[in-house]
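Biologist: Please take me through this model. I want to know what stands behind each label you use.

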Amino acid sequence: MSSPRLMWRKSLNHVMLSLTGVAAFGVVSILFLILGYLMWNGGASLSWSFFTQLPKPVGEVGGGMANAIVGSLKLLLLAAVMGLPVGLLAGVYLAEFGGNTFSFIIRYTADLLNGVPSIVIGIFAYSIAVLPVKHFSTLAGGVALGIMVIPITVRSTEEFLRAVPGSLREAAMALGASKWKTIATVVLPAASGGILTGMLLALARVAGETAPLLFTAFSNRFWSQGWGQPIASLPVMIYTYAIAPYDDWHRQAWAAGLVLLGLVLLSNLGARYILARTKVV
Amino acid sequence: MSAAATTIAHEAPPQSGPRAFIRRLTRGDELAHLITLVFAAGILLLTSMIVYELWINSHLSRTKFGWDFFWTRIWDPNFDNFGAAPFIYGTLVTSAVALIIAVPLGLASAIFLSELAPRKISDGVSFLIDLLAAVPSVIYGLLGIFIVVPLMRTTLGPMLIHSVGNVPYIGALFRGPNYGVGFLTAGIVLAIMVVPYIISVSREVLLTVPREQREAALAMGATRWESTWQVVVPWARTGIMGSIFLALARALGETMAVTMVIGNAARINPSLLGPGDTIASTIANQFTEATGDLYLSALIELGLVLFLITFILNGLARILIVLTERGGGHPS
């Protein structure tokens, strides 16, 4: 039975299948090696002053990025205020009111908007929020991040609203509730866990965005006064510090990288946890 | 929620008159429909505004250079002479390198996860890989600067020059000075970044292939690999193409990680080891220092080009993935 042809097919089978295993193992280990390297380097450079102090001038060792941490949070707050409501309501429209053609167009546009490179969003935010006033501002950075939040929120909101069983809607309607009351008091609460997850994931994604902030929020080595001033943020600080020629700045960049990664991964894990806890009916 | 529903049930019947109209509007479905519709249409408006702003703000550059913008190989801010050819070249080359590395690795890993690995391990690994897709690009850039660039300068680069560099034809890609930064380094970093996308989407598409397809192939005497490669993968090929298109769109538009490791030089370098620039990295690098109106306008036109490329690619990728999920991807 074991003709050379069969032997060849069997050995090819083994070779190719083991190769796929090697590839999977290789990819996963490379990815985790580099992240482990970040944890190790970042952990070694992280200190209490990183969270409490302002950046020191060039040449002085030490200092921290307190202003960048607060800056990132302020930018995220703006993005949330501008992007989340739009995403939520548009998602409600797609799931509850929309017809066929128009909804398809909106859905498709949202997907395409999601795929627009962040640097292009940055140019757009620059031309509507920086050019007219002729200076960089926190607000402009918030606009850029807010735009990026919208498409992600729309799609996740729609998805989770659709997962709510029709029987819940029918029960509310049978009690005499209007469509809007049904949505606001029955459907949205039932899907709230999922919607919240989607929002958190959207914010986690824009928290690490650098490119759209380079020429909107710019950066700042001091505390930013008000919303009209340029502001520092963790991603932009990592960029400037990593490409600078000073060893101490590199250490700070590693520390900032670790803090940013921790922030992003924790919110991702948190979002998944919320979703698992509040599984839709 | 039942409390809210019962109050509605006890409400008085609608009256006539203007007050009733306002009440109907403020409580009614029409208003809710209208408000959500406005926000949904807002997405359409926003996207059109992006195109519009890019279009009018690149006006100066478009009228001055016309179509020559795409082939001119000179980018000289001092003499207001701008051509996008070096950056288009850089974008295509880095993305191609990234896909050449990432597609085989990603596809093989996806096959392993969907066909061979036990479901629990597969789900666990996919969860970790999905988390990796959330890592910000500036962090990949940071790792690129401090891991990939030194590796390229001291080990990988010289190795390539001494081995592949002597091969005719393709050897030309691996000659010349080796700085550590350059197209190849950027391509490698991009490959690391897009591999999670390819694995995640391809695995999901492969899992949708009906079990009967595999069983039929095995029953005909095919080996496991033959059933996978000749039956399962062709069935899912449209979706796999979709995942590759998504990865490509991501690689083309990726800014920070590339900017940090590509070396930033506006020239068409025949060697993969040489420094260059992509469309996105040029914008990131030069936008804040663009002094003249024409300079800024040329950078915005670069943004317009990038926008259109990724727009088209993403559109194609979505269509492919939708087609597969509907089952239409299977060869008929």
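Modeller: Start with buried area: it is the accessible area that two parts lose on being put together, summed over both. Chain A and chain B bury about 7,300 Å² between them. Carbon and sulfur atoms make up 83% of that. Keep in mind that this is a predicted model.

Biologist: How many residues does the contact take from each chain?

Modeller: It takes 79 from chain A and 82 from chain B. A residue is in contact if heavy atoms lie within 4.5 Å.

Biologist: What makes Arg9(A) and Glu226(B) a salt bridge?

Modeller: The cut-off is 4 Å between a side-chain nitrogen of Lys or Arg and a carboxyl oxygen of Asp or Glu. The closest N and O atoms of Arg9(A) and Glu226(B) are 2.7 Å apart. That is within the cut-off, so the pair is called a salt bridge. The count between chain A and chain B is 1 salt bridge. Polar contacts across this interface come to 6 residue pairs, both residues at pLDDT 80 or more.

Biologist: Which helix gives the largest share of the side of chain A that touches chain B?

Modeller: Helix 1 of chain A, residues 4-45, with 17 residues. By type, that side of chain A has 60 nonpolar, 14 polar and 5 charged residues.

Biologist: Why is Thr36(B) called buried?

Modeller: Buried means under 20% relative accessible area. Thr36(B) has 1%, so it is buried. Thr36(B) lies in helix 3 of chain B, residues 29-57.

Biologist: What does Thr36(B) touch?

Modeller: Leaving out residues up to four places away in sequence, Thr36(B) touches Leu89(A), Ala90(A), Val92(A), Tyr93(A) and Phe97(A).

Biologist: What makes Thr36(B) and His33(B) a polar contact?

Modeller: The limit is 3.5 Å between N or O atoms, one able to donate a hydrogen and the other to accept it. The side chain of Thr36(B) reaches the backbone oxygen of His33(B) at 3.0 Å. That is within the limit, so the pair counts.

Biologist: Why is Ala265(B) called buried?

Modeller: Set its 11% relative accessibility against the 20% cut-off. The value is under it, so Ala265(B) counts as buried. Ala265(B) sits in the loop between helix 13 (256-261) and helix 14 (279-286) of chain B. Beyond four places away in sequence, Ala265(B) touches Pro275(B), Gly276(B) and Asp277(B).

Biologist: Now chain A itself. Where are its domains?

Modeller: The domain assignment gives domain 1 at 3-45 and domain 2 at 52-277. Their centres, taken over C-alpha atoms, are 34 Å apart. The contact takes 8 residues from domain 1 of chain A and 6 residues from domain 2 of chain A.

Biologist: How much area is buried between these two domains of chain A?

Modeller: About 650 Å², with 87% from carbon and sulfur atoms. Leu38(A), Met39(A) and Ser45(A) supply 61% of what domain 1 of chain A buries against domain 2 of chain A, more than any other three residues.

Biologist: How many salt bridges are counted between domain 1 and domain 2 of chain A?

Modeller: The count is 0. For polar contact, the count between these domains is 1 residue pair, both residues at pLDDT 80 or more.

How values were computed. Residues numbered from 1 in each chain as written. Chains lettered and ligands numbered in written order. Predicted model: local features only at pLDDT ≥ 70, side-chain atom pairs only at ≥ 80, totals over all residues. Heavy atoms only, no water. Buried area = accessible area lost by both parts, 1.4 Å probe. Helix = DSSP H or I, 4+ residues; strand = E, 2+ residues; numbered from the N terminus. Nonpolar A, V, L, I, M, F, W, Y, C, P; charged D, E, K, R; others polar. Buried < 20%, exposed > 50% of the residue type's maximum accessible area, 1.4 Å probe, protein only. Domains from an automatic or database assignment.
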